[in-house]
Amino acid sequence: SGSLFKETLLAAEQRCAAGKGQELMRIQFPFPTLMAAQAYVDKYGPDNRFDWLGFVSRINLPSLVLFGELELSENPAFEGLREELQRRLAGHSAVSWEEVPRADHFYSATVLAACDRLVSWIHRTFHGEGDSAR
């Protein structure tokens, strides 16, 4: 997957250099999708402009970061993120993070479980209730 990533990033950078940064590319890494070349460079390039982890400590409003268990365990784009989240969010009371069991990046077949996590978090955070969201 490392070589596929490098090839994709190079192709995106070449399109940007040719003035075609808004042109859609068929992406295979980190997962199959369509993305503008400039968006790919911004997200995965050396400047990593969308690295939200660099800003998470500045969030002061109650926030929930929700991930699928499988995306954190199996998707190379999220390698080491579980540990990084634990490190960066330790003692940060405004931001909570949870994993949805058996969920991939798109919450395939686990959307209801993700919704349950969100509703439970809302009730705990704003109503002081336990895990019973209903």
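**Close-up views of a predicted protein model**

**View 1. The largest nonpolar core of the predicted model.** Eleven residues, namely Leu53, Val56, Val65, Phe67, Leu72, Phe78, Leu81, Leu85, Leu89, Ala94 and Val95, form the largest nonpolar core, where a nonpolar core is a set of buried Ala, Val, Leu, Ile, Met, Phe, Trp, Tyr and Cys residues joined through side-chain atoms within 4.5 Å. Strand 3 (63–68) and helix 4 are the elements that give two or more residues to this core, and helix 4 provides the largest share, three residues. Apart from this core lies another, of 10 residues, which includes Ala12, Ile27, Tyr40 and Val41. Helices (H or I, at least four residues) and strands (E, at least two) are DSSP runs, numbered from the N terminus. Buried stands for under 20% relative accessible area, exposed for over 50%, and partly exposed for values in between (1.4 Å probe, protein chains only). Residues are numbered from 1 along each chain as its sequence is written. Because this is a predicted model, local features need pLDDT of at least 70 and side-chain atom pairs count only at pLDDT 80 or more, while totals for chains, interfaces and linings use all residues, and side-chain values use heavy atoms, with hydrogens and water left out.

**View 2. The surroundings of Leu85.** When neighbours within four places in sequence are left aside, Leu85 is in contact with Trp52, Leu53, Phe67, Ala90 and Trp97, contact being heavy atoms within 4.5 Å. Leu85, Leu53 and Phe67 are among the members of the largest nonpolar core.

**View 3. The whole chain, for orientation.** The protein chain has five helices and four strands, which follow one another from the N terminus in the order α-β-β-α-β-α-α-β-α. Its C-alpha trace spans about 55 × 35 × 25 Å along the principal axes, and buried residues make up 33% of the 134 residues. Of the contacts in the chain with a separation of 6 or more, 54% are between residues 24 or more positions apart.

**View 4. The hairpin of strand 1 and strand 2.** Strand 1 (residues 24–27) and strand 2 (residues 33–36) run antiparallel and are joined by four bridges, two strands being paired if DSSP finds at least two bridges between them. The hairpin passes from strand 1 to strand 2 through five residues. Leu24 has Ala36 as its bridge partner in strand 2, and Arg26 stands opposite Leu34. In the loop between the two strands lies Pro30, and the peptide bond from Phe29 to Pro30 is cis, with omega near 10°.

**View 5. The largest pocket.** The largest pocket has a volume of about 540 Å³ and is lined by 20 residues, of which Lys43, Tyr44, Asn48, Ala77 and Phe78 lie nearest its centre. Helix 2 (37–44) and helix 4 (81–89) each supply at least two residues of the lining, which divides into 12 nonpolar, four polar and four charged residues. Ala, Val, Leu, Ile, Met, Phe, Trp, Tyr, Cys and Pro count as nonpolar, Asp, Glu, Lys and Arg as charged, and the others, Gly among them, as polar. On a 1 Å grid over the protein atoms alone, a pocket is an open set of points where a 1.4 Å probe fits, with protein on both sides within 12 Å along at least five of seven lines, and lining residues have an atom within 4 Å of a point. Grid points are joined across faces, edges and corners, and a volume is the space filled by probe spheres set on the points.

**View 6. Pro62 in its loop.** Pro62 is placed in the loop between helix 2 and strand 3 and, at 41% relative accessibility, counts as partly exposed. Beyond neighbours within four places in sequence, Pro62 is in contact with Ala94, Trp121, Thr125 and Phe126.

**View 7. The loop between strand 4 and helix 5.** Arg102 lies in the loop between strand 4 (95–100) and helix 5 (111–127), where its phi is near 65°, a positive value in a residue other than glycine, and its relative accessible area of 63% makes it exposed. Tyr107, in the loop between strand 4 and helix 5, has a positive phi of about 55° although it is not a glycine, yet Tyr107 is buried, with a relative accessible area of 18%. Thr110, also in the loop between strand 4 and helix 5, counts as buried at 9% relative accessibility and touches Val100, Pro101, Arg102 and Ala103, not counting residues up to four places away in sequence.
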